[in-house]
Amino acid sequence: MSGNAIFVGTLVTAVTGVVCAVIAARAARQAAADQREASRVSAEPNQRTADLEAFREIRSGLEGRLGRMEERERSRWALVQDFARYVGELTVLMRLQNIDPPAPPERVAEYYRTGV
């Protein structure tokens, strides 16, 4: 075999090796990108489940707080109504004794006028 043929054969082998290395590198990069995407996609349902559980905990806590606040509001409203009845009875007793009760505060008078 001549020296040129050996050189050309070696050159073709080297070029083929470089081309195969480039193709292998691209394939490896694509496989890594595919693996990252698969990991992201498989992690997404887990993240959604965790988010849903956190949301449920927050909602449960807020519902509990809202229930307690509503109960306190009902209790305070009942207390205000009891005071109003008590003051009304005292006012009647004062008038029976010919004592003029003091005028109610403006906000109370407005409530009795408007109901608001």
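**Salt bridges, surface and pocket of a predicted model**

R59 forms a salt bridge with E63, and their closest N and O atoms are 3.9 Å apart. The structure described here is a predicted model. Both R59 and E63 belong to helix 1, where they are four residues apart, about one turn of the helix. With a relative accessibility of 41%, R59 counts as partly exposed, because the class of partly exposed residues lies between the buried limit of 20% and the exposed limit of 50%.

In total, the structure holds four salt bridges. Side chains of opposite charge can pair when their charged atoms come close. Another of these pairs joins the side chains of R74 and E71, with 3.0 Å from N to O. R74 and E71 are three residues apart in helix 1, so about one helical turn separates them. E71 has a relative accessibility of 44% and is therefore counted as partly exposed. A further salt bridge links the side chains of D82 and R85, at 2.5 Å from N to O. D82 and R85 are also placed in helix 1; they are three residues apart, so the separation is about one helical turn. The relative accessible area of D82 is 41%, which means that D82 is partly exposed.

T13 is located in helix 1 and counts as exposed because its relative accessibility is 54%. Along the chain, T13 and Q47 are 34 residues apart, and their C-alpha atoms are separated by 50 Å. R36 is likewise part of helix 1. Its relative accessible area of 56% is over the 50% limit, so R36 is exposed. R36 and Q47 are eleven residues apart along the chain, with 16 Å between their C-alpha atoms.

The surface also carries a nonpolar patch, formed by L79, F83, Y86, V87, L90, V92, L93 and L96. Together, these residues have about 810 Å² of accessible area. One of them, L93, is found in helix 1.

The loop between helix 1 and helix 2 contains N98. Most residues other than glycine have a negative phi. N98 is not a glycine, yet its phi is positive, at about 60°. The relative accessibility of N98 is 74%, so N98 counts as exposed.

Rolling a probe the size of a water molecule over the atoms shows where empty space is left. The largest pocket holds about 660 Å³ of space. It is lined by 21 residues, of which A84, V87, P104, V108 and Y112 are the closest to its centre. V87, one of these, is also a member of the nonpolar surface patch. Helix 1, which spans residues 3–96, and helix 2, which spans residues 106–114, each supply at least two residues of the lining. Helix 1 gives the most, with ten residues. Sorted by class, the lining of the largest pocket consists of 16 nonpolar, two polar and three charged residues.

Definitions and conventions:
Residues numbered from 1 in each chain as written. Predicted model: local features only at pLDDT ≥ 70, side-chain atom pairs only at ≥ 80, totals over all residues. Heavy atoms only, no water. 1 Å grid on protein atoms, 1.4 Å probe; cavity = no way out; pocket = protein on both sides within 12 Å on 5 of 7 lines; lining within 4 Å. Points joined across faces, edges and corners; volume = space filled by probe spheres on them. Nonpolar A, V, L, I, M, F, W, Y, C, P; charged D, E, K, R; others polar. Patch = residues over 30% accessible without salt bridge, like charges linked within 9 Å, V, L, I, M, F, W, Y side chains within 5 Å. Areas by Shrake-Rupley, 256 points an atom, 1.4 Å probe, with all protein chains shown as cover. Buried < 20%, exposed > 50% of the residue type's maximum accessible area, 1.4 Å probe, protein only.
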